[in-house]
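Hi there,

Here is the structure I promised to pass on to you. Have a look at it first, and then read on for what turned up in it.

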Amino acid sequence: GLDPKVFADYEKITNARVSNANGQKGYESILDSYKIDYVIQPIYDGLGNTQPLMKALLPKEEWKPIYLDKNVYILARPVRHNKNIIEAYQIDKTEFKNRLLLIYNYLHRVDPEQIGYRVAKAGMLINIGHYEDAQKEVDAIKKAAPNDESIPLLLRDLYVLAGKRARSQE
């Protein structure tokens, strides 16, 4: 955090920015330039959203999930020094997403007042294609916390990924 350029690069990586208005390098080229071959992050940001970097890297063939618990996840690239770890611990990507959904469900049941867990659950339902269930979660979020800043993002993702217009905010 002491070096402004490194901190700016960190922000681009963690937010999975493709590029900025000046056309500077996106997060993928920054990962390459720093030779980052694994990522360890909390499973969701402070608002409950699934980490943008996780959403960006998980669909990519070269990134392999190798760890997940109720706090953090780890993705690794299959480079020479990660090969043995990936072979021993790789999690199927569909299984990884299903486990993540189970974790979000569990966290929501344990602390139903924490709206972030419901946000994370809705986001993962969208990601795995359970759009009707996701819409129900978004509706519950709107009822419990009508001004939650995650609602527009969830609705946008529903619209884009479901290929249809999500119900507008009522």
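Is Glu-95 buried, partly exposed or exposed? Please keep in mind that this is a predicted model. Glu-95 counts as partly exposed, because its relative accessibility is 36%, and that class lies between the 20% and 50% cut-offs. You will find Glu-95 in helix α5, which covers residues 93-110. Asn-147 is 52 residues away from Glu-95 in sequence, and their C-alpha atoms are 33 Å apart in space.

Next, go to Gln-41, in strand β1 (residues 38-42). Gln-41 counts as buried, because its relative accessibility is 7% and the cut-off for buried is under 20%. Its side chain has a polar contact of 2.4 Å with the side chain of Tyr-73. Beyond its neighbours within four places in sequence, Gln-41 touches several residues, including Thr-14, Gln-51, Leu-53 and Met-54. Asn-71 and Val-72 are also among them.

Finally, there is a pair of helices to look at. Helix α7 (residues 131-144) packs against helix α8 (residues 151-162) at an angle of about 165°, and their axes are 11 Å apart. The two are therefore roughly antiparallel, as angles over 145 degrees are classed that way. The crossing of α7 past α8 is left-handed. From α7, the contact includes Tyr-131, Val-138 and Ile-141, while α8 brings in Leu-154, Leu-158 and Ala-162, among others. By type, the residues of this contact are 10 nonpolar, one polar and one charged.

Enjoy exploring!

Best wishes

How values were computed:
Residues numbered from 1 in each chain as written. Predicted model: local features only at pLDDT ≥ 70, side-chain atom pairs only at ≥ 80, totals over all residues. Heavy atoms only, no water. Helix = DSSP H or I, 4+ residues; strand = E, 2+ residues; numbered from the N terminus. Buried < 20%, exposed > 50% of the residue type's maximum accessible area, 1.4 Å probe, protein only. Polar contact = N/O pair within 3.5 Å; in protein donor to acceptor, adjacent residues only side chain to side chain. Contact = heavy atoms within 4.5 Å. Axes fitted to C-alpha atoms, helices over the stretch in contact; angles between N-to-C directions. Parallel < 35°, antiparallel > 145°, perpendicular 65-115°, else oblique. Left-handed = near helix turned anticlockwise from the far one by under 90°. Nonpolar A, V, L, I, M, F, W, Y, C, P; charged D, E, K, R; others polar.
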